[in-house]
Amino acid sequence: MKNTLLTLLLFFSLYAKGDDFKAHFINVGQADATLLEFSKGVVMIDAGAENGSLGLSRNSLTNYLGDFYQRRSDLSKTIDILILTHNHYDHYKLILDLSKNYTIKRIITTKFYLEKAKDVVKAAKNEKIKLEFMDYRLMDSLMPKGYEINLANFVNPGTTIPKITLYSGKASVKTGETIGNQSFSKTPFNDPNNHSIVSKLTYGKASMLFTGDLENDGIRYLTAKYQNNLSLFDVDVYHVGHHGAENGTTKEFLDIMTPKIALISAGDTAHRNSGSAWGHGHPRIWTVELLEAQPSMTLQKQAVKVHAYPDEEVTPKIIDVKKEIYCTCWTGNIIMLVDSNGKYTVQ
Ligand SMILES: [Zn+2]
């Protein structure tokens, strides 16, 4: 009996064992490029470049992916899914480099501002990739659960199956909108930032949320839209919205997410052009302090000294960070190893 039980336990522990996966937050400067590496497939969220430092961003991504696909030659230089959160330079600009050098099977993006993102249309046309749009009507029809992408083929059979769910607020830019007792004026939704596709990755007990450059109004709209299902946004890892800007994270949303770890993608302090981290003041001290004050965030073994900006176009300040907050602007590329039991190791 004891042996049978042991065998059963062993069987289930083996059966339930998930492959680890890795999230690569690639340092492309003041821009986003995140690669999710599974045992049998790859998802990328954004492929942006720093406005004013295109060459540097391009070199960083090219070198990183060159090394990556050399190591993972079994993946045959394929990006299975590319999600472009929105049509801004710092989120899509390197798509032509990607599409020339790699096979992109699916591109998921938004129509809003697409006319300004000519490289996205060109890459899709050149390589005959169909653009899939998370438009307002589609997202509304998928309420209340969001658009689910099952990643069963991305892992070995018998292991935990990862899933990506996409959400998009997208209030009407013509008239604004009212949901319950909340009203939304049209002006903030003239900005592509507030049309960012929100992606949630779940993998067993592990979960991560990517909000692109969603700003306060977009966050408020998203949570109003999903007000009866806010636990959908309860995650462990938060890819901090809008590069750590003061308008990309709210206390209310942090309380819904209850993250343990936060990661920021932002650029080098030495750059002094308008598209740089200095030009935008990212990450903002205000945001880092908000994350520090969030009770769900995990304490680091020891505090680290990092820089953050009190405002845009001013000298950054050195501050102490005690919680698990990381930034590509502090340490360069960040790799996070994630297992399906919800254990996270930042390398
Ligand atoms: Zn951005």
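Analyst: Two strands pair if DSSP finds at least two bridges between them; helices (H or I, at least four residues) and strands (E, at least two) are DSSP runs, numbered from the N terminus. This is a predicted model, in which local features need pLDDT of at least 70 and side-chain atom pairs count only at pLDDT 80 or more, while totals for chains, interfaces and linings use all residues. Residues are numbered from 1 along each chain as its sequence is written.

User: What makes β2 and β3 a pair, and how many residues lie between them in the hairpin?

Analyst: Four bridges join β2 to β3 (residues 42-45), and the two run antiparallel. The pairing definition asks for at least two. The hairpin has four residues between its strands. Thr34 stands opposite Ile45 in β3.

User: How do you know that β1 pairs with β2?

Analyst: Strand β1 (residues 21-25) is joined to β2 by four bridges, again antiparallel. Lys22 stands opposite Glu37 in β2.

User: Why is Tyr136 called partly exposed?

Analyst: A residue is buried if 20 or more other C-beta atoms, placed from the backbone, lie within 10 Å of its own, exposed if 12 or fewer, and partly exposed in between. Tyr136 has 18 such neighbours, so it counts as partly exposed. Tyr136 lies in helix α6 (residues 136-141).

User: Which residues cover the faces of β2?

Analyst: In β2 (residues 34-37), Thr34 and Leu36 on one side and Leu35 and Glu37 on the other are all buried. Over the chain, buried residues make up 47% of the 347 residues.
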